[in-house]
Every structure is written in structure tokens, then in C-alpha cells.
Amino acid sequence: MALLESNKNRGEVRIHESLDELSTDLADYVAELSEASVKERGVFAIALSGGSLITLLRNLCGAPYNKTVDWSKWYIFWADERVVAKNHADSNYKLAKDHLLSKLPIVPSHVHSINDSLTAEEAANEYEFVIRQLVRTRVVNVSDISDCPKFDLILLGMGADGHVASLFPNHSVLEEKNEWVTFITTSPKPPPERITFTLPVINSATNVAIVVTGAGKAEAARLAIDDVGPECPVLPARMIEPDVGKLVWFLDNQAGSKLKGFSQFSK
């Protein structure tokens with residue numbers, strides 16, 4: 001693994017020579033944050049997204065983490081979800097259950113997924129209500145500088161268009177400042193109906209990690225991380241700037257191939 005220097009507010013950039021190395025580093029990172037949060041707060045509130053990110057968390061299901069992590073203290077949320085049935089192939093919940101949750105001793109009542117019998121708007125409103133109740137009891141912490149929830153970790157992937165969660169380029173949802181959870185019915189990627197955390201919630205987290213793999217995302221990674229100048233489009237991923245928390249990028253060498261400084265790493 002190599003660490004690249006990044007510009008201010010762009011976080012720590014970790015580039016890995018293989019997906020196996022990335023997966024190992026990601027598991028170590030999550031386990032360390034879990035231990036620190038449980039020691040400090042007694043719980044670990046983590047929000048997941050979908051896509052290949054989930055399969056890259058696979059090492060958490062094996063030794064040593066299956067024995068060393070205090071899974072009973074984990075509370076699971078989703079930074080975004082497709083408004084489909086929980087057993088639907090497009091469901092982020094199903095993806096996480098199949099590859100992660102079913103293999104870990106997480107308390108079932110600590111897993112907070114959306115109500116899949118509701119419309120997108122209703123599901124977003126109910127999910128925000130659930131989170132507000134858990135902020136009240138401090139299962140989810142609260143931001144020191146706003147009333148937003150402060151998740152211990154929000155784990156995100158990034159699309160080739162630079163979207164994170166279900167925050168897509170040039171979409172009005174990027175302007176949402178008041179809601180914690182909002183909805184879209186016009187996703188440029190199917191399925192069209194989704195719920196998503198808003199930028200203020202993501203940027204209020206104690207830790208945010210963005211996982212990016214593959215050559216097809218190299219240009220978006222460059223635009224999201226490098227100092228590219230005002231004439232370049234501002235991708236949603238570039239809008240991830242934690243207020244006081246820490247941002248870490250986990251890239252494979254293909255996704256990082258267009259970053260400044262990559263040539264020194266790849267020699």
C-alpha cells in the first residue's frame with residue numbers, strides 16, 4: 001500500500017496493488033474504528049452503501065475479526081438504498097445480508113434497514129425518524145456543530161460518474177440542507193427510486209471512507225481528489241468534506257492511476 005499526499009480537505013489517499021491488499025487494509029481500518037468507538041461510546045454506528053464495497057468487506061467475516069470485534073455493539077444503517085423489496089436483487093440490504101450480515105453475530109434488532117412496503121418519500125421520512133430516535137438515545141452520536149447525526153463510520157463506494165450514496169451529479173438532491181434522509185425517483189441508474197443520506201449527514205460523520213476500484217473510475221477519482229481547478233465539474237464525491245471528521249480513500253492501483261504522484265508509487 002502507498003499513501004499519496006492529497007490536497008487539503010481531500011483526506012488520506014491509500015492506493016493498493018491488489019483488491020486482496022485493499023480488502024485486508026479495509027478490514028483492519030473498520031475493526032480499529034469499531035474498537036475505538038466501542039471503547040469511547042459503548043457502540044459502533046456504521047452506515048453502509050452497496051456495490052463492490054460490500055464484497056471488499058469480506059475479510060471481516062474471518063479470522064481474526066470474527067473473534068476480536070465486539071459485534072454485539074454494532075448498529076448497522078444504510079447511507080442509501082434502492083426502494084425495492086428486501087429480497088430483490090437490487091437491494092443493498094440483501095447484498096449486505098448475503099455477503100456480510102448473515103456471517104456475523106450482529107444483533108438483529110441493531111440492523112436498521114428501510115421499510116420496503118412504503119413509497120420512496122415515505123421510506124425516507126420513516127428512516128429519518130428512526131435515526132432521530134437513535135440520536136436521542138445516543139446510539140448514534142450528534143454533531144458538535146449542527147443537529148446532524150454523527151455516525152462513527154460511513155462507508156461509500158463511488159461510481160464512474162462520481163456519484164456517492166445516491167447523490168448523483170447535477171441532481172437537485174445535492175442542494176438539500178435540512179433533511180437527513182431524502183429520496184429520488186429519477187435516478188440515472190436503475191432502479192429509479194432510492195433513499196439517500198444527504199451531504200450534511202455524510203459530512204457530519206466521525207469517519208468517512210470512500211472505496212474506489214477499477215480503471216473505469218480513474219478519471220472520476222482524479223476529479224474527486226486532485227487539485228483540478230475551477231473549470232472542472234464538481235462531482236458529488238468531491239463534495240464529501242467532513243466538517244471535523246476524517247476522510248480516507250481506499251483505491252486500487254487502477255482507480256488511482258490518474259492521480260498526481262501515482263507514477264512515483266507505481267515504479
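**Exercise 1.** Over how many bridges do strand β11 and β12 pair, and in which sense?

*Solution.* The model is predicted; local features need pLDDT of at least 70, side-chain atom pairs count only at pLDDT 80 or more, and totals for chains, interfaces and linings use all residues. Residues are numbered from 1 along each chain as its sequence is written, and side-chain values use heavy atoms, without hydrogens and water.

Step 1: strands are DSSP runs of E with at least two residues, helices runs of H or I with at least four, numbered from the N terminus. Step 2: two strands pair if DSSP finds at least two bridges between them. Step 3: β11 (residues 207-212) and β12 are joined by six bridges in the parallel sense. In this pairing, A209 stands opposite V248 in β12.

**Exercise 2.** Find the other partner listed here for β12 and state how covered β12 is.

*Solution.* Step 1: strand β2 (residues 12-16) runs parallel to β12, with five bridges between them. H16 is opposite D252 in β12. Step 2: of the seven residues of β12 (residues 246-252), six are buried, that is, under 20% relative accessible area (1.4 Å probe, protein chains only).

**Exercise 3.** Describe the protein chain as a whole.

*Solution.* Step 1: the protein chain holds eight helices and 12 strands. Step 3: buried residues make up 54% of the 267 residues.

Technical notes:
Buried means under 20% relative accessible area, exposed over 50%, partly exposed in between (1.4 Å probe, protein chains only).
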